[in-house]
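Dear colleague,

Please find below the structure that I am handing over to you, followed by an account of what was found in it.

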Amino acid sequence: MTKKPKPTTPKRYDDAPDLATRIIRGIERIPSGVLALVRTWQGLVILLVLASQLLLPLQYYTARRDPHDERFAWRMFSPMRMTRCTPKFTIDSKPVNLNTEFHEAWIEIANRGRFVVIEQMAARLCQKNPGAAVHVVIECQYVGKEPATWGGYDMCKVPLL
Amino acid sequence: MAKKRRPKRQRFKQGDKAPSQSPTSSADGDDDEDGAGDDTAASTTNETADAASADAAKADAAKPDVAERGKASRTAKADKGTKIPAPLPAVIVRRERPTSAPPAREPVFWFGFEVAWAKLAVSRFVIFMLLALDAALQISHAPRYGAGDFNVAQVPFLDAIGAGRVLFGASQLALAYMFVMVAFGVATRVLLPLSAAIYAWLYFGSQLDSYQHHYLVALVLVIACFAPWQRPADAEPSTPVRAWAVRLLLVQLAIMYLWAAISKMDRAWVNGTTLSMQMTGTIGSLIAKTIGFKIASVLVIAVELALAAMVWARPAWKLAAPLGLLFHLGIVFTGLEIGLFAFLMLGIYTLVIPDAIWVAVMSKLEGIARLFAKPTWIAWGLGLVTSIAIARLVRIEDAFVLGLVMCVVPLGIAVHALVRGTRPALAVGIAHILALGLWLFVDRATSVTADYYRFWGGSQRRLGSSEVAEYAYRRFTAVAPDEEAGHFQLGRLLVKRGAIEEGLAELREAQRLEPAIARAFVEEARVLQQQGKTAEAIEKAKQATYADPSHAFARALLDSLTGNKPTPKPSDKPDADDPE
């Protein structure tokens, strides 16, 4: 009876590290790599770009007070982008026609609920109408979330939403 | 040619004339991009690396490819029962190409990253020509900048120094010019940092620019300042060029994909609702009829994660390039209003498409590249004269003056050449003509110039600056005499300030251009009514109702003129024709 030859697997790569080992080794080398980067101006540029690109989007998820403001967070086509808000400005209880006060591009941004722009718009109206009460109410409709309302007070006294 | 330059990656063992007893690695960053290199790899001397390369080449010549050898061995054993050679020792030499360049400093992941010169040349041309077009197309948005003296910058300290209409328009024209020059490799070391600074100022100076891809462009430009866009001396298309900035750009891209995927890990995205709301056009209906939005939404996240993992790693480019190109090509067909974002991403993928393809392409175009590098005064002079003539034809505001200012670039290059005792390259003259030619193309072949004046007139009219609005509409009607909107709005403004006859003439021109639109007839009827010409006003109001029977105000006006109904009050809603 002839013995069937044992299948021979070429062992050419047996000593080459597998993917997991490669990844672990790569991760192990990160601290020394970072230290090496700090020593050159090119390395500092790299670190600066990487840090900004990791931290700025992270800031959106952790510390940004305005959920509608997705700038610098790489949230392309996110559900939040579909948010539609209706900012209503009043000066001493009289409604403001925003079209005669601000360029429509700013109104469009306000319709997306961006706090910083709405606050600046309110500040502008306060400046133009000294002593008047500028109230702002923003009603926002979200995709897959309950509607929310922001503001409702005199923004000349409390300038932040 | 490419084969000669870039021998296929080999793995050799000591038994096969391995180069060294110690673990070695190349100076090539590719070896370490997947974390596979040994810790000692970077300390390998150049000599060792070269020796390894030489030995590898010898071994390559002496023996068939490793995989083929294995296959041959197995076949031999099966056929003849011969003994399989013992497993080879462990030392692995991994080089992509022999190079005379000194070893890269640590970390070689960044500083050892090399791409073929052909790839840099192609990507420079494609990316910067796209950026030039994008910049030129932005000019129509200039009127929103500084309108009503209101601005909110991306970063608070820039609020006060955000660009106004004139500066924004001029800067975008200048950027379009500089990007074309950079695309042709002209004065990149000066023009690229300058354009990056101007671009960053425009973008970060106002939140009016909501395009995410303009933020990406701002970053790309800053990173691109550090890339070697100039052809190295005696470089062939296949010559490897170290470019840590290109690696950084690809990593930046990967980070962007990663965050984009994370942002979509939301119930409203995963269940397909968000995508179904965003998708219109052919792709939208195609998705709805085939896989459905739910699966498509999950696929988008998967693709973005896959691209984040692959786009920066050379070994994965063969997968990442087709995947990314298809992904962004799909976005092109979605009909989303995202400007040139998808096209720009396609352009950036020139850096992901494997080098060999660009080497093959550039080898065919090498003659043109050499021709462009030829020094000549004739082309330079012709370029200067022709460009002034071209700038004269551009109707964009201040384009001619700016065109003259831009001649500083070829003049500066000429002075620099004279100082060095050489002549400007042919590319300088050609790029200068093409840069101003792009202005002319955008002016004449797109609606940018007409939109500029339309938007300017519209915003100023709404903000109450009738005088400026009248000027803008006059320019609008001069640039686009066949557009009803310009004549109608100008006519209204003229009537409002008392230039009745001139205003009526404009309104009649609007009626002639668009006889099926009622508003110019209505406006004239109102003017005639105010003048006490009731019979003529009735006739005009009738014409308005014939033009558009569904026009409620026209009907109400006619009723008020013919009966005892009160005169209707015009709507204070903004017109649909000139908001930006």
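The secondary structure of chain B consists of 28 helices and 2 strands, where helices (H or I, at least four residues) and strands (E, at least two) are DSSP runs numbered from the N terminus. This is a predicted model, in which local features need pLDDT of at least 70 and side-chain atom pairs count only at pLDDT 80 or more, while totals for chains, interfaces and linings use all residues. Residues are numbered from 1 along each chain as its sequence is written, and chains are lettered from A and ligands numbered from 1 in the order in which they are written.

Of the 580 residues in chain B, 49% are buried; a residue is buried if 20 or more other C-beta atoms, placed from the backbone, lie within 10 Å of its own, exposed if 12 or fewer, and partly exposed in between. Among contacts in chain B with a separation of 6 or more, 70% join residues 24 or more positions apart, a contact being two residues whose C-beta atoms, placed from the backbone, lie within 7 Å.

Helix H16 (residues 341–348) of chain B is mostly covered, with 6 of its 8 residues buried. These are Phe341(B), Leu344(B), Met345(B), Leu346(B), Gly347(B) and Ile348(B). Their cover includes helices H6 (117–137), H9 (212–224), H10 (244–263) and H15 (317–332) of chain B.

Helices H22 (residues 448–462) and H23 (residues 466–479) of chain B pack with their axes 8 Å apart and at an angle of about 160 degrees; axes are lines fitted to C-alpha atoms, for helices over the stretch in contact, and angles run from 0 to 180 degrees between N-to-C directions. H22(B) is therefore roughly antiparallel to H23(B), the term for angles over 145 degrees. Residues of H22(B) in this contact include Tyr453(B) and Trp456(B), and those of H23(B) include Tyr473(B) and Phe476(B). The contact of H22(B) with H23(B) involves 9 nonpolar, 4 polar and 3 charged residues; Ala, Val, Leu, Ile, Met, Phe, Trp, Tyr, Cys and Pro count as nonpolar, Asp, Glu, Lys and Arg as charged, and the others, Gly among them, as polar.

Ala552(B) is found in helix H28 (residues 552–562) of chain B. Ala552(B) counts as exposed because it has 11 C-beta neighbours inside 10 Å. Between Ala552(B) and Val166(B) there are 40 Å in space, C-alpha to C-alpha, and they are 386 residues apart in sequence.

With kind regards

Technical notes: Angles under 35 degrees count as roughly parallel, over 145 as roughly antiparallel, 65 to 115 as roughly perpendicular and the rest as oblique.
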